[in-house]
Amino acid sequence: MRRGSARALVLVAVSALLAASAACGSDDGGGSGGGTVTIRFDWWGNPDRAEVTEKAIDLFEQKNPNIKVETSFAEFNAYFQKLATQIAGGGAPDVLQMDYRYVREYADRGVLSELDSGPAKVDTSGVTQQLLSGGTVNGKLYGIPPTQNTQVFSYDFAQWDKSGAAAPKAGWTWTDLTAAAQKVSDSTSGAVRGVADFGGIEDWFEVWLRQQGKQLYTADGKLGYTVAEVTQWWQLADGLRRSGASTPAELTTKMDGSQANDPVTQKKASSGFGYDSGFTAKSWEIMGREFKLSPFPSNTGKIGQYAKPAMMFSISKQSGHKAEAAKLINFLINDLDAGKTLGMSRGLPANAQVRAQVGGTLSGPPAVGSQFEQQIATQLEPAPPPPPKGAGTAKSTFQRVYDDVIFERSTIAQAAEKFLSEAQKAIST
Amino acid sequence: MAAQQTVPQVDPGPRGVTASRGPRRQRPSERPGIAYLFLSPWVLGALLLTIGPMLASLYLSFTDYDLFTSPGWVGWENYRNLFADDPRFLTAVWVTLKYVLISTPLKLAAALAVALLLNRPSRAQGFYRSAFYAPSLLGASVAVALVWRVMFDGGGVVDQSLTVLGVSTGGWVSNPSYALLVIVALAVWQFGAPMVIFLAGLKQIPQELYDASAVDGAGWWRQLRSVTLPMLSPVIFFNLVLETIHAFQAFTGAFVISGGRGGPVDSTLFYTLYLYQRGFTEFRMGYASAMAWVLVLVVAVITAVLFRTARLWVFYAGEEGR
């Protein structure tokens, strides 16, 4: 077998490699030659959002007959896993939806296009500077927020009233929340807890930190807090859990941002923290009752909330059609008709003109959300700069380690220590 | 070696004396290239889809590859960090070992028990065989894992039944003490594949052995221990090796049931799940590649150990003289 067969084997191997490289080579160039250009637009969201997004895209294609847009969407976590693989494989979408927490990660690794100059320049004159700073990394704009949102406390006011819990009012404190939640739990013998356990969600911890003049991340991308703050925050939440005012561990551990696993939606808790962009036209229907919104409780008089870019649009560096991609983003952000179609599906529009127009047409939960946002607009601070690389990991670590607390696997101080060491590793490597 | 076996053997040669040729000898006029031509689809697949990516991942395991930027060489750092600086890695190893040690024997026992039940002549045998095999066909599917999660979740069928019996668990899926058992149960339920192999093995055992032992007065239990199990031991060994490797690679159930998080309290953080988290949600593909290679080595070592011990308990008919 020796000689001849070895040669044959090499031949087969070489031809296989050639075939493979040939297949890779024919990938570029397609589509740009003729009159029509096809661009891809990927985003995360739910079917609700998909419906209006498709309508807005149709409108865009009507106005730009030489551009065709292919879209695809997925749920948040799946979206980012797919996006990473696509970019690594050289098949990134032209326009992509980016998250505030990931924008630095992607921009630093050089996979996003600059949007304030060059071929992918987008007109951002209608968007407030405060919001744009959320998509600015090292002085360059990599993501444009189409919408803003802010943190919110929502409560089932009928249930609270029935239980004799004092409704949140201006200047309410964490102690007020604890007392009110306890009343709800007591009056239902624990069947409906006063509040969904908030201890494991880094977003709410951030608001609490800001109430004390601290930050989640410092300007140079380091952690803005120590073990002491995490311990104190978890002690606050742990107190509510132990007294039965908040949800038990087996419900809390399932919270993943989806409605299916949200104790408030499931009527296991009567209030909780969230983002005001979460209230869509069908929210009351899905949750089975109506809610009122309030700013976070605070012991310092500062509510600590900020106008957050609900999401961003970015253009991939690999895109061969940057000008067309920029055109699409421009349309989605600034066009009044697009704004009318999209409504509040991604949060409160960032473009002031679009916002004014949408504001008048709202009803139901989105109207409640929009009113809330306008009511506290003067108290909102500007968004902090995008968090450092690894911030996404730090956030999931926060929730994972909090499980140690609620299942009482370690002391709060030990858990806080463990979290800090893991978070530091996540953002430094 | 595979190539040697596929060398055409029918050619009688000029003198027509094939039988006298040693198996390893070959005449220059033969064209082994033809064999490779026919093998080429497989060779292509193996090179491009298995060996190529494996070598690439071996290289990546020595780099800091993050999916986006080009990989930079870091030497043994990933491997060192795994063992010295990553408590979750050790947790994942422990969870996976527990899973392998519990689920594999249970699954094999279930498969053997059902195979024994089905190994009696009956008209409905075909039906039962298909019925018991069905869960394995659905095995790797996400849908079954989703159903499993709903069943064992708080307020699910299992939770409600236990509540009726006076045991309150609040759902197994979100209880760190029971969550792993949910996935073990899912694995055991999918015993179909080893069951079919056991069944085939049982049919190979000569009836004379049973007849002879019955004449000697052996009962069912005695026959099982002295005839069935020894005669079946090669098949048991085969299934054991296969299922052990499968168990080390388990992913879907843990991913779906824990929502990709391996929780609560990392109680279902399977090795492959942690690898996936590192690679695809934390963008540390170099590190994930190192984990993959550690897994390959560990599975190889354990398989080798199993083959070693096989000499002690696996009985091959016709080898009595050894």
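A residue is called buried here if its relative accessible area is under 20%, exposed if over 50%, and partly exposed in between, using a 1.4 Å probe and protein chains only. By that cut-off, 43% of the 322 residues of chain B are buried.

Before I go on, this is a predicted model: local features need pLDDT of at least 70, side-chain atom pairs count only at pLDDT 80 or more, and totals for chains, interfaces and linings use all residues. Residues are numbered from 1 along each chain as its sequence is written, chains are lettered from A and ligands numbered from 1 in the order written, and side-chain values use heavy atoms, without hydrogens and water.

Chain B has 14 helices and zero strands; helices (H or I, at least four residues) and strands (E, at least two) are DSSP runs, numbered from the N terminus. Contact means heavy atoms within 4.5 Å. Among chain B contacts with a separation of 6 or more, 64% are between residues 24 or more positions apart.

Now one helix pair. Helix 2 (residues 32-60) and helix 14 (residues 285-313) of chain B pack at about 115°, with axes 8 Å apart. Axes are lines fitted to C-alpha atoms, for helices over the stretch in contact, and angles run from 0 to 180 degrees between N-to-C directions. From helix 2 of chain B, B:Met54, B:Ser57, B:Leu58 and B:Leu60 meet B:Gly286, B:Ser289 and B:Trp293 of helix 14.

Last, chain A. Three of its strands form an open antiparallel sheet in the order 10-6-12, where pairing requires at least two DSSP bridges. The edges are strand 10 (308-309) and strand 12 (348-349) of chain A.
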